[in-house]
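Please read the following report alongside the sequence and the model.

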Amino acid sequence: MTTWDRAFDIALAAARQAWEDSGDVPVGAVVLNPDGQVLAIGANQRELTGDPTAHAEIVALRRAVAVSAQRSGRLQDWRLDGCTLVVTLEPCAMCAGAAVAARLARLVYGPLDPKAGAVASLFDVVRDPRLPHRLDVRGGFRQADCAALLTEFFAAQRSGSASPRGDNPPRG
């Protein structure tokens, strides 16, 4: 099992938990430090928090910066040099921009998002030569597993069951 496989297992579990807890779209993200160790985990929290910016990637990046700063003693350091962001869906423009701003080394994601993807589908924010930083990008990883969870979620939404348990949790 590769480091990315383990990270995708964690991200998929976080995504499913977000769906179960608050009915949010099940997207999960993990930030790995340069040694491949988990630095932070995030999942969509828009429904839970009422925050439109609470995408899985943003949650994970915020947590990673906090952990990294605490470990280094540099409380104002927002850079995640050498880190990898693993996410269960191609990031949107906001999240792709945040990945660039955080100075990540690498982005590894699952399936493409033809409606909002900003890494390959609609735009390529993370490799735009006009920006001061570009990432190594690996797409399509664990695509079937990630897509299956999203398909299950949207099928449940259409049938009126907001959670994988069949109940309807409170919406935030």
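## A partly exposed pair

Arg-127 is partly exposed, at 33% relative accessibility, where buried stands for under 20% relative accessible area, exposed for over 50%, and partly exposed for what lies in between (1.4 Å probe, protein chains only). Asp-124 is likewise partly exposed, with a relative accessible area of 33%, and Arg-127 forms a salt bridge with Asp-124 in which the closest N and O atoms are 2.9 Å apart; the term requires a side-chain nitrogen of Lys or Arg within 4 Å of a carboxyl oxygen of Asp or Glu.

The model is predicted, so that local features need pLDDT of at least 70 and side-chain atom pairs count only at pLDDT 80 or more, while totals for chains, interfaces and linings use all residues. Residues are numbered from 1 along each chain as its sequence is written, and side-chain values use heavy atoms, with hydrogens and water left out.

## Other salt bridges

The whole structure contains eight salt bridges according to the search. One of them joins Glu-152 to Arg-16, with the closest N and O atoms 2.8 Å apart; this pair links distant parts of the chain, since Glu-152 belongs to helix H5 and Arg-16 to helix H1 (residues 3–22), 136 residues away. Helices (H or I, at least four residues) and strands (E, at least two) are DSSP runs, numbered from the N terminus. Glu-152 is partly exposed at 36% relative accessibility, and Arg-16 is partly exposed at 27%.

Arg-142 and Asp-145 also meet through their side chains in a salt bridge (2.5 Å, N to O). Salt bridges with shared partners connect Asp-5, Asp-9, Arg-142 and Asp-145 into one network.

## Parallel strands

Strand E3 (residues 84–87) pairs with strand E4 (residues 106–109) in the parallel sense over four bridges, pairing being assigned if DSSP finds at least two bridges between two strands. Val-87 stands opposite Tyr-109 in E4, and the chain passes from E3 through helix H4 (residues 93–101) to E4 in a right-handed β-α-β crossover, a term for a path that runs clockwise from the first strand over the helix to the second when the strands point away from the viewer.

E4 also runs parallel to strand E5 (residues 136–138), to which three bridges join it; here Val-108 has Arg-138 in E5 as its bridge partner.

## Positive phi angles

Most residues other than glycine have a negative phi. Arg-103, which is not a glycine, has a positive phi of about 65°; this residue is found in the loop between H4 and E4 and is partly exposed, with a relative accessible area of 26%. Arg-142, also not a glycine, has a positive phi of about 50° and is placed in the loop between E5 and helix H5 (143–159).
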